[in-house]
Amino acid sequence: MIEEVERIVISLPATAEYVDIVRLNLYGVASKMGFSYEEIEDMKVAVSEACNNSVLYAYKQETGKMEITFEVLADALSITVKDEGESFEPWGKTGERVTLHEKELNEAPIGGLGFYLMQALMDDVCVESQAGQGTKVMMVRRLQKSEEKV
């Protein structure tokens, strides 16, 4: 059986003023799904970090856009932040994955703390970055079934 996916896509200028619009949309979608206030706040921090990477690094002072996709799954919310700007390698060497547990905080590269934060706040984080095609940050937060809602 194929899972039905509700998809909300927002395309915005990659400027700091528009990050709040993404956060407001996230709040609306996540609260409708039944995420707790604390879970939504965690997701807002993670999505802000992903958007800020597009705003700060993707277009190097040029104008550009970022596309945010919310996918509402039966038991999770998937959030993708995509830009078409400069690509970069958030994990160090190509193909090398760094997690919060493998390095000391003071070893993180400047500007790289956002990825540690995203990993700490979300269940899954995946970054795809290709030269000339931009960067895509995909994050998933699973819905925890509460005992009280049974």
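**Helix H2 and its surroundings in a predicted model**

Student: Which helices and strands do the buried residues of H2 pack against?
Tutor: This model is predicted. The buried residues of H2 include Ile40, Val47 and Cys51. Their packing partners comprise helices as well as strands: H1 (19–33), S2, S3 (76–83), H3 and S5.

Student: How far does H2 reach from its first C-alpha to its last?
Tutor: H2 has 22 residues. At 1.5 Å a residue, a span of 32 Å is expected. The value in the model is close to that, at 31 Å.

Student: Which residue just after H2 takes a positive phi?
Tutor: H2 covers residues 37–58. Just after this helix, a phi of about 45 degrees is found, and the residue that takes it is Lys60.

Student: What covers the buried residues of H3?
Tutor: H3 runs over residues 113–121, and its buried residues are Gly114, Phe115, Tyr116, Met118, Gln119 and Leu121. H3 is also listed among the elements that the buried residues of H2 pack against. The cover of H3 includes H2, strand S4 (124–130) and strand S5 (134–142).

Student: Is Thr69 buried or exposed?
Tutor: Thr69 lies in strand S2, which spans residues 65–72. Leaving aside neighbours within four places in sequence, Thr69 is in contact with Arg7, Ile8, Val9, Ser78, Ile79 and Thr80. Its relative accessible area is 12%. The cut-off is under 20%, so Thr69 counts as buried.

Student: What pattern does the chain follow along the sequence?
Tutor: The chain has three helices and five strands. Read in sequence order, they give β-α-α-β-β-α-β-β.

Student: Among contacts between residues at least 6 apart in sequence, how many percent join residues at least 24 apart?
Tutor: Thr69 gives one example of contacts beyond near neighbours, including Arg7 and Ile8. Over the chain, among contacts between residues at least 6 apart, the share that joins residues at least 24 apart is 65%.

Student: How much of the accessible surface belongs to carbon and sulfur atoms?
Tutor: Of the 150 residues of the chain, 39% count as buried. The accessible surface comes to about 9200 Å². The part that belongs to carbon and sulfur atoms is 51%.

Definitions and conventions: Residues numbered from 1 in each chain as written. Predicted model: local features only at pLDDT ≥ 70, side-chain atom pairs only at ≥ 80, totals over all residues. Heavy atoms only, no water. Helix = DSSP H or I, 4+ residues; strand = E, 2+ residues; numbered from the N terminus. Buried < 20%, exposed > 50% of the residue type's maximum accessible area, 1.4 Å probe, protein only. Contact = heavy atoms within 4.5 Å. Areas by Shrake-Rupley, 256 points an atom, 1.4 Å probe, with all protein chains shown as cover. Expected span 1.5 Å × (residues − 1).
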